Amino acid sequence: MSFDPNDFLSQPDPFTDVPPDHRSGFVAVVGRPNVGKSTLMNAILGQKVAIVSPRPQTTRNRIAGILTREDCQIVFIDTPGIHKPKHKLGEFMVEEARKALPDADLALWVVDVSKTPRQDDRRVAAVLRGQSLPVILVMNKIDITPPDRLLEHADAYRALVPEAVADIAVSALKLQGVDALVDVIREHLSPGPRYYPPDQVSDIQERFLVAELIREKALMYLQEEVPHAVAVDLQEFEERENGVIYIFARIFVERESQKGILIGKGGRMIKKIGAEARKEIEWALGRQVYLDLRVKVKPKWRRNPAELRRLGYA
Ligand SMILES: Nc1nc2c(ncn2[C@@H]2O[C@H](COP(=O)(O)OP(=O)(O)OP(=O)(O)O)[C@@H](O)[C@H]2O)c(=O)[nH]1
Ligand SMILES: [Mg+2]
């Protein structure tokens, strides 16, 4: 068979073969903890990339989620909630959020419009004011906002970012206003190419996702101070001869009392966390999984630079 260079040249290039009005850019998703940043990014992507929980300070790292449409490619950077840090882990998290801004083309400031602005919201507004970045104010959780409060709360948030280029009310949980938000974002981006292959939805590795899904289930079932003291250290992740993926992870807590709570009476809590995590990991990997979890006390790991580095929090 002879080689005809025209055959090769006529192949569509997924990066450059886009309509003339194609737009693209990097969008930092910032806000105080627990307002629904990760829920919103997942809702936009139609896929779980970042874990979500009812506990504040769920997200600890920057996570990119990539939306590819015919007319645009938007790279969202989900970030940890901006707050007043109490230890080195907290400092790392706030720094992660801040670092997303200089490289972004646009910031989405996500707020919980069911509540009035708090100190941490003002903290976020101050961080945004220090950047010369266009800001879109995203007022989330309209599904639980009493209608008579919406306008009052919206005005209070708007007053904190008078320079915002747009604002929009959404419910990330109920998928209300999410498509409209993407259209608004697109309007504020510049013409540009695709940066990622059209089928790539995030920049995270499988191992990271697995550790995060285990942490998510721990956050879901644990209460008070225990969730924040949890870290997941993935030790083994390998395919066995029978095709099953064997995963061994250690869950760190800081105190013996937390270990007791995490294991639960007769091991019930850790079994529940393991069973829920395994189900979701199997779904995410499309493979059968054997999940082995051990709980280990690591006193003050959140203040220990060497531990933080090893866990990817430095
Ligand atoms: N009712 C309602 N709840 C929501 C909505 N969006 C998010 N939530 C809930 O709010 C909680 C926090 O959501 P996350 O997405 O983890 O919030 P986050 O801003 O990423 O939080 P951090 O990672 O801690 O900064 C979870 O219980 C979500 O289910 C919404 O539109 N409506
Ligand atoms: Mg989050």
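Guide: First, residue classes: Ala, Val, Leu, Ile, Met, Phe, Trp, Tyr, Cys and Pro count as nonpolar, Asp, Glu, Lys and Arg as charged, and the others, Gly among them, as polar. By that scheme, the lining of the largest cavity has two nonpolar, three polar and two charged residues. This is a predicted model, in which local features need pLDDT of at least 70, side-chain atom pairs need 80 or more, and totals for chains, interfaces and linings use all residues. Residues are numbered from 1 along each chain as written, chains are lettered from A and ligands numbered from 1 in written order, and side-chain values use heavy atoms, without hydrogens and water.

Visitor: Which residues line the largest cavity?

Guide: Gln57, Arg60, His87, Leu89, Met93, His228 and Arg302. Lining residues have an atom within 4 Å of a cavity point; on a 1 Å grid over the protein atoms alone, a cavity is a set of points where a 1.4 Å probe fits but cannot get out. The largest cavity holds about 40 Å³ of space. A volume is the space filled by probe spheres set on the points, which are joined across faces, edges and corners.

Visitor: Why is Ser38 called buried?

Guide: Buried means under 20% relative accessible area, exposed over 50%, partly exposed in between (1.4 Å probe, protein chains only). Ser38 has 7%, so the label is buried. Thr59, at 8%, is buried too.

Visitor: What makes the side chain of Ser53 a polar contact partner of the side chain of Thr58?

Guide: A polar contact is a pair of N or O atoms within 3.5 Å; within protein, one must be able to donate a hydrogen and the other to accept it, and residues adjacent in sequence count only if both atoms are side-chain atoms. The Ser53–Thr58 side-chain pair lies at 2.8 Å. The side chain of Ser53 also reaches the backbone nitrogen of Arg55 at 2.9 Å. Ser53 is buried, at 12% relative accessibility.

How values were computed
1 Å grid on protein atoms, 1.4 Å probe; cavity = no way out; pocket = protein on both sides within 12 Å on 5 of 7 lines; lining within 4 Å.
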